[in-house]
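Please look over the sequence and the structure before reading on.

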Amino acid sequence: MRWSYLQFAVVVPYIALGPSLLAGVLSLGVLQQVVRAFGKVQDAFQFLVLSWTTIVELMSIYKRLREFERQIVLRKG
């Protein structure tokens, strides 16, 4: 699923803006500017997608540590 997103994200701006380009509403220069801007957003999402397993693992560690600390406090009191 992760790789499908990365492949599909490349063509999304062209699919979204293609009809406007063909109708003559957008120029090729404006299309390229939008595609570059979308690329920057896509890079941020790619970081999240590619790091997702690490993010989930760190969340799990954080939850276990919180529960461990909670158990320590309960046993002291």
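## Basis of the report

This is a predicted model, in which local features need pLDDT of at least 70 and side-chain atom pairs count only at pLDDT 80 or more, while totals for chains, interfaces and linings use all residues. Residues are numbered from 1 along each chain as its sequence is written, and side-chain values use heavy atoms, with hydrogens and water left out.

## Helix H3

Helices are DSSP runs of H or I with at least four residues, numbered from the N terminus. Helix H3 covers residues 52-76, which is 25 residues. From its first C-alpha to its last, H3 reaches 36 Å, close to the 36 Å expected at 1.5 Å a residue; the expected span is 1.5 Å times one less than the number of residues.

Burial is judged by relative accessible area: buried means under 20%, exposed over 50%, and partly exposed in between, with a 1.4 Å probe and protein chains only.

## The salt bridge

The structure holds one salt bridge, defined as a side-chain nitrogen of Lys or Arg within 4 Å of a carboxyl oxygen of Asp or Glu. It joins Arg70 to Glu67, with the closest N and O atoms 2.9 Å apart. Both residues lie in helix H3, three residues apart, about one turn of the helix. An α-helix has 3.6 residues a turn, so residues three or four places apart point the same way.

Arg70 counts as partly exposed because its relative accessibility is 42%. Glu67 is also partly exposed, with a relative accessible area of 35%.

Gln42 lies in helix H2 and counts as buried because its relative accessibility is 10%. Setting aside residues up to four places away in sequence, Gln42 touches Leu6, Ala9 and Val10, where contact means heavy atoms within 4.5 Å.

Val35 also has its place in helix H2, and is buried at a relative accessible area of 14%. Beyond its neighbours within four places in sequence, Val35 is in contact with Pro13 and Tyr14.

Which residues make the nonpolar surface patch? Tyr5, Val41, Phe45, Phe47 and Leu48 form this patch of about 480 Å². Patch residues have over 30% relative accessible area and no salt bridge, with like charges joined within 9 Å and nonpolar side chains (Val, Leu, Ile, Met, Phe, Trp, Tyr) within 5 Å. Accessible areas come from the Shrake-Rupley method with a 1.4 Å probe.

Helix H2, residues 28-50, gives the most to the patch, with four residues. Val41 lies in this helix and counts as partly exposed because its relative accessibility is 44%.

How values were computed. Helix = DSSP H or I, 4+ residues; strand = E, 2+ residues; numbered from the N terminus.
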